[in-house]
Amino acid sequence: MTAFFESLGMNYEWAWFVATICGILLIALPLMLAVAMIIYVDRKIWAAMALRRGPNVVGPFGLLQSFADGLKVFLQETIIPSAANKGLFLIAPIITFTVALMAWAVMPFAEGAVLADINVGLLYILAISSLGVYGVVISGWASNSKYPFFSALRAAAQMISYEVSIGFILICVILWAGTNNLSDIVMAQKGAGLGIVNGFFFNILLFPMWVLFLISGMAETARAPFDLTEAESELVAGYQTEYSSMAFALFWLGEYANVLLMCALNTTLFFGGWLPPLDIGILYVVPGFIWWLLKTFFFFFVFSWVKATVPRFRYDQLMRLGWKIFLPMSLLFVVLVSGYLMLTRYG
Amino acid sequence: MVDLTQYLPILIFLVIALGLSGLFVFLPMGVSRLTGAHKPSKDKLAEYECGFPAFEDSRHQFDVRFYLVAILFIIFDLEAAFLFPWAVSLDLTGWAGWITMMVFLGELLIGFAYAWKKGALEWE
């Protein structure tokens, strides 16, 4: 894109700057649009599985429902409880949303279509998603109310517990790909399964890791069946209880942006990113971005499906699953994967 | 030498994302004052409770287990941070690197088994 702006008569620095700004807006604005649409899709899928109709009033098939909700929320009054720490109370949703956007900076959407092609891409994503905890904890503390406080504690413990096993799962992928860069990880998956399947999931050592990653992703983003942070029968609405207006909506947008990120990571790390499912010449006719979008949407459908069908976990079950099953298992697979690679590839 | 300019887009992204979310928070506050939706009252600003005034301060003691989980997280996340550079340089370090890391993991496993035995991972 830099070359395009240079051809308009700018010098290199300005062309680079304008191209970067355009790239950022090309990620951030469609992402927000995608989040609005994905909330609608989520509600529709959920409704269809319960034999309901879901949103169908605003716009054709209810397509504009999210925008109507957004407008309503935008015009609402922002209530700041008198007991709350006002500064922190307003900073929390800003952190949540900023962090949710930031992680997308290193996501490769198609070959070469990545804003910052840094060589520690996966480490960056892990670091950024760790920061998400701050928004939750600060909101729960600053609200100075009972239910947000409990919810924030729960959410923090839950998110950090599953982050540990996610870290080890990522190590397995990095070991196999031999790189930290997301684009290189995608390219390493070309023909990874029997020389024809594009994706690490078609690998007996990495398939269990994918299953763990999918489930950990749901727990990390506090999606059902792990949505204990907003168990409405116990905690009203979780750490967002005291929030209203756009501050509330930012938590919502951030949450769904994180869910989309998890779907995109499933696609990128295990299902070959922008590559077609099979390594056959004719399939490369379809642009890489379309494949990426299809796969990511498929994973979002799986997330919705699980939300509609699986009942909520108890908190002790959640922590047991994270610490006593996922952590030892992912640790074992780090040893297995690295040992196998030492014997076959590097030994 | 690492080329730091590749991180510059991320920095610009941070500025834009902060601006965007700041706008989302503060613009509706202004708009609601203009449209007259902003009408705070004492009851509206009270913290949420099930229909009665709160009995006690909400920031009371909480279970020590949350604290234990946080401490365990620090240990394991630091360990994962050690594993990242090891994982990309496995071809350079060879068997010596692999065995060293396995010894490190083994030591960590002893600590993990101890925490498990002590009941730090129990929630009932």
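In this predicted model, helix H5 of chain A gives the most residues to the lining of the second largest cavity, namely three. H5, H6 and H10 of chain A each give two or more residues to that lining. The cavity holds about 50 Å³ of space.

**The second largest cavity**
- Its lining is made up of A:Ile125, A:Leu126, A:Ser129, A:Ile166, A:Leu170, A:Phe213, A:Met262 and A:Leu265.
- Sorted by class, seven of these lining residues are nonpolar, one is polar and none is charged.

**The largest cavity**
- The structure has three cavities of 30 Å³ or more, and the largest contains about 300 Å³ of space.
- Among its 21 lining residues, A:Gly132, A:Met159, A:Glu220, A:Thr221 and A:Asn258 are the closest to the centre.
- Which helix gives the most to this lining? H10 of chain A does, with six residues.
- The lining has 12 nonpolar, seven polar and two charged residues.

**The nonpolar core**
- The largest nonpolar core has 142 residues, and those touching the most other members are A:Trp104, A:Leu269, A:Phe270, A:Trp323, B:Phe13 and B:Trp86.
- Helix H6 of chain A (residues 146-177) supplies the largest share of this core, 20 residues.
- Beyond its close neighbours in sequence, A:Leu269 is in contact with several residues, including A:Leu170 and A:Phe213.

**Transmembrane regions**
- An unreviewed UniProt entry lists residues 14-41 of chain A among its transmembrane regions; this span is 100% helix, with end C-alpha atoms 40 Å apart.

Terms used:
Residues numbered from 1 in each chain as written. Chains lettered and ligands numbered in written order. Predicted model: local features only at pLDDT ≥ 70, side-chain atom pairs only at ≥ 80, totals over all residues. Heavy atoms only, no water. Core = buried A, V, L, I, M, F, W, Y, C linked by side-chain atoms within 4.5 Å. Buried < 20%, exposed > 50% of the residue type's maximum accessible area, 1.4 Å probe, protein only. Helix = DSSP H or I, 4+ residues; strand = E, 2+ residues; numbered from the N terminus. Contact = heavy atoms within 4.5 Å. UniProt positions renumbered as here; feature names shortened; annotations may be inferred. 1 Å grid on protein atoms, 1.4 Å probe; cavity = no way out; pocket = protein on both sides within 12 Å on 5 of 7 lines; lining within 4 Å. Points joined across faces, edges and corners; volume = space filled by probe spheres on them. Nonpolar A, V, L, I, M, F, W, Y, C, P; charged D, E, K, R; others polar. Lists of a residue's contacts leave out its neighbours within four places in sequence.
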